Amino acid sequence: NTLEGGKSLSFLFFTKTKSGIALLYNKETSNTYDVHLKLTKEVLTIQKLDVVCTRGGDPQLNVHLLRTAGEEVTITVRYLREVPSFLKLPLGSPVPPADQSSRVSSPLFDSGLHLNGNSSNTAPSSPSSPSANEPKYEKRWLDAVSLPLLMARVSKYKAGTDKLRSNSFEVCALDGTSINILQFCTAAESTDWLQAISTNISDLTLENMKMINRYCSPDDQIVHMGWVCGNPHPDDAAPSSTFKFLALRGPWLYIFRSPPVSATDWGQADTLYILYEVLFKVHKLWMAEDCWIQAKFYLGLQQDEELQDGEPFCFSILVGHGQSHTFSVEMTSDLAVWEKSFQRAVFMEVQRVGSKTYMCSSQSKVLCLTIDFGSGFTCSESSSKKILWRYKFSQLKGSSDDGKTRVKLLFKNAENKQIEMKELEFSNLTAVLHCIHSFIAAKVASVDPVFVNSQSISGKYMI
């Protein structure tokens, strides 16, 4: 979308192929392993460093290299065939270089243990050179875990808390399989990997959406779906975060505990809300300084809002009777996608239904208020259907409510230009106010050709 001054703000997703070194923290053993990561479009592969016997000796002998929080252990051996089957290295041993050639000596063995008989000056010398039949050992990265990225999630939150991890995150597959915690040396490296993995998950989700939409009616299309973290309410005695899977499909906002895989799963949502009766609200977010001015204009944030590094990227879904759900996402691009997707889903649903009528009362009379996309507001008697008054959306100049049941709507009379007040009482006031907001927002959006032309479900995520 083009912003004022001819500038544009777009979030494009490109599939990432990436490899590199990280640390893998095992929550069960509290140990940290050196691992090699390989990221493709559909899979994140975790490789662990092993010492493998490639010639002579026992070909099944693997020495697993492990970092541990225990005491430092120095191991000196005279011959490599004496190496124990399980080797603990000193705490803080250097990470292997990125080029893991099997013939490059590794600083991991500087405590006296060296490959293929090449010992340091501090290690005892061999009485004779090993013969051709002596075992030969090489370091190799061996595949340990292959994690499918379809419907997977990433999170910086510590399990069961509302605390964010530092320079680390967890990756969890659709079936609940977790690779535990990936740790990185710097925040920049952690963010780079988080973005790459999240991008591939988003691309796979988009492909899955397109496939489902091919077999669904135009009124049942998926606009967007994905994982979010359900933030606890500040008043909760023991706040903790839980993960939810949200979907914008047809007339509904779905909230799941786990992603829907089959058609039956779509009927198992924890909660359903009518899209035009809920309100989406973006919370504070942080962006790079050069994007901040455009981002505030784009997301409609106030100019005086102050943000702090490390704050989660949050949005709220406001529902009836003052209730709300607050969710957070991992990146600013996720927040922007949810905000624009919600706009698109509400716009499509308002255009589909065309109008919505609510029962209300005024001065002890039972009335009907109809909100119509084409004509605006119409109030009529419930029994006789007699029209009492009618106004266009553009004539609504203000409103106020008591937060419970009553609302005052201020309209400008088209003939005498006077402000006329209409007071109505509803049993579900919040839903009515949100519906009015949705219809007016859709009406405004319908006159914006750029917005209208961007409403293609099959298009790429471009905001």
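# Cavities, strands and a buried helix in a predicted model

Three cavities of 30 Å³ or more are counted in this structure, which is a predicted model. The largest cavity has a volume of about 390 Å³. It is lined by 24 residues, and those closest to its centre are Ile201, Ser202, Gly226, Trp227 and Asp334.

Several elements share in the lining. Strand E7 (153-155), helix H1 (187-214), strand E10 (222-230), strand E11, strand E16 (324-329) and helix H3 each supply at least two residues to the lining of the largest cavity. Strand E10 gives the most, with six residues.

The whole chain gives the setting for these elements. It holds five helices and 23 strands. Of its 463 residues, 43% count as buried. Among contacts between residues at least 6 apart in sequence, 55% join residues at least 24 apart.

Aspartate 334, one of the residues closest to the centre of the largest cavity, lies in helix H3. Its relative accessible area is 15%, and because buried means under 20%, aspartate 334 counts as buried. Aspartate 334 and valine 228 are 106 residues apart in sequence, yet their C-alpha atoms are 9.4 Å apart in space.

Helix H3 itself covers residues 332-353, which makes 22 residues. At 1.5 Å a residue the helix should span 32 Å, and its end C-alpha atoms are 32 Å apart, so the two values agree. Of the 22 residues of H3, 17 are buried, and the helix is therefore largely enclosed by the rest of the structure. Just after H3 comes glycine 354, which takes a positive phi of about 75°.

Strand E11 (residues 242-249) includes arginine 249, and E11 is among the elements that supply the lining of the largest cavity. What is the relative accessibility of arginine 249, and is the residue buried or exposed? The value is 8%, so arginine 249 counts as buried. Its side chain has a polar partner: a contact of 3.1 Å joins the side chains of arginine 249 and aspartate 220. Leaving aside neighbours within four places in sequence, arginine 249 is in contact with Ile212, Cys216, Asp220, Gln221, Ile222, Tyr254 and Trp266.

E7 and E8 run antiparallel and are joined by three bridges. Within this pair, valine 154 stands opposite valine 171 of E8. On its other pairing, E8 is joined to strand E9 (residues 178-183) by four bridges, again in the antiparallel sense. Here cysteine 172 stands opposite serine 178 of E9. The hairpin of E8 and E9 has five residues between the strands, and in it glycine 176 takes a positive phi near 95°.

How many of the residues of strand E8 (residues 168-172) are buried? Five of the five are, so the strand is largely enclosed by the rest of the structure. In a regular strand the side chains alternate between the two faces of the sheet. In E8 both faces are covered: Ser168, Glu170 and Cys172 on one side are buried, and so are Phe169 and Val171 on the other.

Strand E18 (residues 365-372) is joined to E19 by six bridges, and a hairpin of three residues connects the two strands. In this pair, leucine 369 has cysteine 379 of E19 as its bridge partner. E19 also pairs with strand E20 (residues 387-391), in the antiparallel sense and over four bridges. There the bridge partner of serine 380 is isoleucine 387 of E20. The hairpin of E19 and E20 has five residues between the strands, and lysine 385 in it takes a positive phi near 65°.

Strand E19 (residues 376-381) is buried at five of its six residues, so it too is largely enclosed by the rest of the structure.

How values were computed. Residues are numbered from 1 along each chain as its sequence is written. This is a predicted model: local features need pLDDT of at least 70, side-chain atom pairs count only at pLDDT 80 or more; totals for chains, interfaces and linings use all residues. Side-chain values use heavy atoms; hydrogens and water are left out. Buried means under 20% relative accessible area, exposed over 50%, partly exposed in between (1.4 Å probe, protein chains only). Two strands pair if DSSP finds at least two bridges between them. The expected span of a helix is 1.5 Å times one less than its number of residues. A polar contact is a pair of N or O atoms within 3.5 Å; within protein, one must be able to donate a hydrogen and the other to accept it, and residues adjacent in sequence count only if both atoms are side-chain atoms. Contact means heavy atoms within 4.5 Å. On a 1 Å grid over the protein atoms alone, a cavity is a set of points where a 1.4 Å probe fits but cannot get out, and a pocket is an open set with protein on both sides within 12 Å along at least five of seven lines; lining residues have an atom within 4 Å of a point. Grid points are joined across faces, edges and corners, and a volume is the space filled by probe spheres set on the points.
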